[in-house]
Amino acid sequence: MTTSKSIQSVLGGAALAALAGTVAYAADAPVPNKGDTAWMLISTALVLMMSVPGLALFYGGLVRTKNMLSVLAQVFAIVSIVAILWVAYGYSLAFTNGAGLNDFVGGFSKAFLIGVTPDATAATFSNGVYIPELVYMAFQMTFACITPALIIGSIVERVKFSALIVFIVLWVTVIYFPIAHMVWYWGGPDAIGNAAAAVAAATDDAAKATAQAALDAVNADAGLVYKWGALDFAGGTVVHINAGIAGMVGALIIGKRTGYGKELMAPHSLTMTMIGASLLWVGWFGFNAGSNLEANGTTALAFVNTFVATAAAALSWLFVEWLAKGKPSLLGLVSGAVAGLVAITPASGYAGPMGSIVLGLLAGGVCFFFCSTVKNAFGYDDSLDVFGVHCVGGILGALGTGILVSKGLGGVGLVDYSVTPGTAVEAPYDMVAQLIIQAKAVGLTLAWSGIGSAILYKLVDLVIGLRVPVEQEREGLDIASHGERAYNN
Amino acid sequence: MKIVMAIIKPFKLEEVRDALTSLGVHGLTVTEVKGYGRQKGHTEIYRGAEYAVSFLPKLKIEVAVASDLVGKVIDAITAAAKTGQIGDGKIFVFPIEQAVRIRTGERDNDAL
């Protein structure tokens with residue numbers, strides 16, 4: 001995202017220009033719209049609500065009574081830690097130019113929010129539309145906070161709290177911040193439009209070459225996956241595949257819970273889980289619709305898609321489970337809803353509502369298959385199904401986005417900012433080519449996060465030890481790690 | 001003096017209490033318990049993970065009565081707790097060596 005000069009100085013410049021009798025640059029002064037700003041602040045708070053209490057309760061209800069507080073504490077602590085890391089250097093690593101490493105990660109130019117003042121603005125996806133950069137920074141912060149919190153679902157009921165904290169600090173630093181940069185960092189519509197306009201306005205060959213070089217530089221100033229042309233509206237790769245594969249690797253490295261497969265490990269409160277899942281659904285409107293960065297028709301499209309894909313996936317899981325296992329369960333309904341939310345995330349601003357329903361229906365069935373049949377066949381203890389829901393649902397959504405963006409299937413099509421400078425026009429779309437790009441983005445995320453997480457888990461295991469001793473696991477992490485009990489009586 | 005201990009289905013508690021009250025038995029201890037007998041448990045499925053739950057929730061009631069009342073108490077509990085379905089429960093009778101009412105110090109039959 002580009003940061004303009006401060007509004008005050010630009011306005012000052014415009015006033016001077018007006019005094020001088022010329023009307024220059026006034027149109028270029030990015031003044032955030034109050035409606036956009038208000039919507040984005042609300043979206044930011046909604047996404048925080050997804051983590052605490054949404055995800056915390058969703059996960060907490062699924063564990064045994066003796067581990068309830070440990071899950072709540074882990075989610076709350078992770079959100080708090082990442083919030084601080086984000087303003088310290090995370091935002092800068094994700095959303096600034098990283099010079100030689102710019103394909104993969106940003107730099108430190110906005111560390112400790114240097115220059116991110118109330119006057120600074122950030123670009124959206126529309127020419128001439130800006131929001132305060134502090135709002136953009138805070139909105140992105142909530143994504144950085146929830147993603148590592150998703151991982152714990154794979155390793156709950158046995159992970160050592162101190163080891164988890166160290167792991168998360170390392171994980172966001174070398175995995176989340178770079179992947180967010182690779183997928184979401186770009187110059188913004190006006191940077192491209194202005195550079196393209198300069199090319200069009202150049203009169204002689206030398207000027208044209210100079211302007212073209214400038215345009216190329218603007219286009220090159222983006223993350224690797226963005227430059228490939230991968231579509232990820234709200235974080236299918238960055239959030240869900242990323243956390244999902246990290247969870248899976250964690251489950252494999254930390255090992256199964258003591259007594260897994262022999263003892264009753266039924267959820268202790270599906271009531272809590274239902275409350276958590278419902279808060280996730282509501283909060284996800286901020287996550288997906290907020291990802292349009294302004295309040296307009298595309299925002300409403302993402303909102304509607306988030307509504308219907310989720311409903312379709314909840315029903316899909318419900319009916320598949322009803323057929324396969326004999327009973328329609330509440331846990332099936334809410335698991336399906338979360339799978340649908342995950343799957344629609346990358347597609348939410350690109351697909352049409354009917355395409356979203358198809359994606360949701362697929363997600364419910366496919367994720368059910370992975371959480372029951374595949375997990376049982378391989379015997380891994382991905383305790384709360386982070387892989388089966390977030391990674392599988394994320395991959396389905398990422399690939400589905402490449403198909404459902406098609407105008408022929410009710411999607412919005414691709415956008416080009418440079419053909420007609422200052423206006424977003426439709427870009428040519430080739431379904432096979434787009435699918436290949438989407439698959440590359442999925443593959444890169446799986447590799448980066450899978451391999452990187454494995455190294456970090458091993459490192460933390462060597463230095464601190466990932467697991468609590470068996471006797472503490474038996475006693476429960478609430479008492480053993482935190483010295484308190486969830487329910488006293 | 002005897003202790004009549006019965007394991008019954010939880011929803012039968014009120015009927016059993018009414019039946020005992022009409023016999024003049026004024027005092028009953030109830031404990032929530034889990035266990036199994038001939039009644040099979042059930043299966044719970046969470047995201048495809050199946051758990052056989054073989055310990056079913058039951059109530060254990062204990063009444064201390066004079067020996068001559070035991071027959072009537074057994075009949076009353078049997079009649080009130082019966083559904084005819086498997087899992088209705090069982091009744092066990094134990095002898096009591098001594099009984100004391102703490103407030104007054106009364107002993108044995110006077111303490112019941």
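Tutor: Let us begin with a definition: two residues are in contact if their C-beta atoms, placed from the backbone, lie within 7 Å. Please also keep in mind that this is a predicted model.

Student: Using that, what share of contacts in chain A between residues at least 6 apart in sequence join residues at least 24 apart?
Tutor: For chain A that share is 78%.

Student: How many helices and strands are there in chain A?
Tutor: Chain A has 17 helices and four strands.

Student: And what are its overall dimensions along the principal axes?
Tutor: The C-alpha trace of chain A spans about 80 × 45 × 35 Å along those axes. Its radius of gyration is 23 Å, which agrees with the value near 23 Å for a compact globule of 489 residues.

Student: What percentage of the residues in chain A are buried?
Tutor: Buried residues account for 54% of the 489 residues in chain A.

Student: Which residues touch the most other members of the largest nonpolar core?
Tutor: They are A:Leu55, A:Tyr59, A:Val75, A:Leu280 and A:Ala313, in a core of 148 residues. As background, nonpolar side chains tend to be buried together in soluble globular proteins.

Student: Take A:Leu280. What does it touch?
Tutor: Leaving aside residues up to four places away in sequence, A:Leu280 touches A:Met50, A:Gly54, A:Leu55, A:Phe58, A:Val338 and A:Leu341. Another core, of 14 residues, lies apart from the largest one; B:Ala19, B:Leu20, B:Val25 and B:Val73 are among its members.

Student: Chain B has come up now. How many residues does each chain give to the contact between them?
Tutor: Chain A gives 13 residues and chain B gives six residues. On the side of chain A that touches chain B, the elements giving two or more residues are α12 (330-344) and α13 (353-378) of chain A. The largest share on that side, four residues, is from α13(A).

Student: What kinds of residues are on that side of chain A?
Tutor: The side of chain A that touches chain B has five nonpolar, five polar and three charged residues.

Student: Changing topic, how is the packing of two helices described?
Tutor: One gives the angle between their axes and the distance between the axes. For helix α11 (residues 297-325) of chain A and α13(A), the angle is about 35° and the axes are 7 Å apart. The crossing of α11(A) with α13(A) is right-handed. Their contact involves 15 nonpolar, seven polar and one charged residue.

Student: What are the angle and axis distance for α3(A) and α5(A)?
Tutor: Helix α3 (residues 68-95) and helix α5 (residues 161-184) of chain A pack at about 35°, with axes 10 Å apart. This crossing, of α3(A) past α5(A), is right-handed. Among the contributors to the contact are A:Ile78 and A:Leu85 of α3(A), and A:Ile165 and A:Val172 of α5(A). The residues of this contact divide into 16 nonpolar, three polar and no charged.

Student: Which way does phi go at A:Glu157, positive or negative?
Tutor: Phi of A:Glu157 is positive, near 75°. A:Glu157 sits in the loop between α4 (133-151) and α5 of chain A. A:Glu157 counts as buried because it has 23 C-beta neighbours inside 10 Å, and the cut-off for buried is 20 or more.

Student: And A:Asp385: buried or exposed?
Tutor: A:Asp385 is buried, because 28 other C-beta atoms lie within 10 Å. A:Asp385 is in the loop between α13 and α14 (386-404) of chain A, and its phi is positive, about 65°.

Technical notes. Residues are numbered from 1 along each chain as its sequence is written. Chains are lettered from A and ligands numbered from 1 in the order in which they are written. This is a predicted model: local features need pLDDT of at least 70, side-chain atom pairs count only at pLDDT 80 or more; totals for chains, interfaces and linings use all residues. Ala, Val, Leu, Ile, Met, Phe, Trp, Tyr, Cys and Pro count as nonpolar, Asp, Glu, Lys and Arg as charged, and the others, Gly among them, as polar. Axes are lines fitted to C-alpha atoms, for helices over the stretch in contact, and angles run from 0 to 180 degrees between N-to-C directions. A crossing is left-handed if the near helix is turned anticlockwise from the far one by less than a right angle, and right-handed if clockwise. The radius of gyration is taken over C-alpha atoms; the globule rule is 2.2 Å times the number of residues to the power 0.38. A residue is buried if 20 or more other C-beta atoms lie within 10 Å of its own, exposed if 12 or fewer, and partly exposed in between; C-beta atoms are placed from the backbone. A nonpolar core is a set of buried Ala, Val, Leu, Ile, Met, Phe, Trp, Tyr and Cys residues joined through C-beta atoms within 7 Å.
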